Amino acid sequence: MPQIPEKIHELTVGQLSARSGAAVSALHFYESKGLISSRRTSGNQRRYSRDALRRVAFVRAAQRVGIPLATIRQALAELPEERTPTREDWARLSRAWRAELDVRIQQLARLRDHLTDCIGCGCLSLDTCVLSNPDDVFGERMTGSRLLPGRPREREEGARAPKERPRRECAD
């Protein structure tokens, strides 16, 4: 990993990429999403402050555990600009994300446990299919996929009625 001398306070996109392990295109994407920021030189080149290294590491670690970019952006917005996220910052934010991750883990375990029920089913509509239609209320009354007509919407007087399309609901 290339070392960056301490006297250099700003990094080019290439230096940030080499040091962080993130592709240049990923860094541009992170910047477009407000996760990191840069300033432009007179030649219109990006320059990143050294704290961008820790921010990129922070983003990549959060992504690896499945945290959405919007959530990561909100977390980084709580930190003062130009400040490197600390171990304490990560601990505080990861505690807040723990409940969300626990729910995802439960969902994935449920999907894994029921996956074999759906192998070989072309429509994924078995009596006990929790993959294609979890929490199905129609499954208690009938089995298989059903094409149900859409419910008429209440209309304000004088408003044009939207075209009704049948909706497809899967019933276990």
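**Helices, rings and a loop in a predicted chain**

The protein chain holds 5 helices and 5 strands, where helices (H or I, at least four residues) and strands (E, at least two) are DSSP runs numbered from the N terminus. This is a predicted model, in which local features need pLDDT of at least 70 and side-chain atom pairs count only at pLDDT 80 or more, while totals for chains, interfaces and linings use all residues. Residues are numbered from 1 along each chain as its sequence is written, and side-chain values use heavy atoms, with hydrogens and water left out.

Biologist: In what order do the elements of the protein chain run from the N terminus on?

Modeller: The chain has both helices and strands. Read from the N terminus, their order is β-α-α-β-β-α-α-α-β-β.

Biologist: What percentage of the residues of the protein chain count as buried?

Modeller: Buried means under 20% relative accessible area, exposed over 50%, and partly exposed in between (1.4 Å probe, protein chains only). Of the 172 residues in the protein chain, the buried share is 26%.

Biologist: How are the buried residues of α4 arranged around the axis?

Modeller: Helix α4 covers residues 69–77, and its buried residues are L69, T71, I72, A75 and L76. Seen down the axis, these fall within an arc of 160° (taken from the directions from the helix axis to the C-beta atoms). The buried residues of α4 therefore line one face of the helix.

Biologist: Which exposed residues does the face of α4 turned away from its buried side carry?

Modeller: The buried side of α4 includes L69 and I72. On the face turned away from that side, the exposed residues are Q74 and A77.

Biologist: Which residues of α1 and α2 make the contact?

Modeller: Contact means heavy atoms within 4.5 Å. From α2 come V24, L27 and H28, and from α1 come V13, L16, S17 and S20.

Biologist: Which helices hold F58 and W90?

Modeller: F58 and W90 form an aromatic pair that is edge-to-face, at 5.1 Å centre to centre with 85° between the planes. Rings of Phe, Tyr and Trp (its six-membered ring) pair if their centres lie within 6.5 Å; planes under 30 degrees apart count as stacked, over 60 as edge-to-face and the rest as tilted. The pair ties together parts that are 32 residues apart in sequence, because F58 lies in α3 and W90 in α5.

Biologist: Is F58 buried or exposed?

Modeller: W90 is partly exposed, with a relative accessible area of 29%. F58 has 5% relative accessibility, so F58 counts as buried.

Biologist: Which residue has a positive phi although it is not a glycine?

Modeller: Most residues other than glycine have a negative phi. The residue in question is found in the loop between β2 and β3, and its phi is about 65°. It is N44.

Biologist: Which residues does Q45 touch?

Modeller: Q45 also has its place in the loop between β2 and β3, and is partly exposed at 43% relative accessible area. Not counting residues up to four places away in sequence, Q45 touches R39 and R40.
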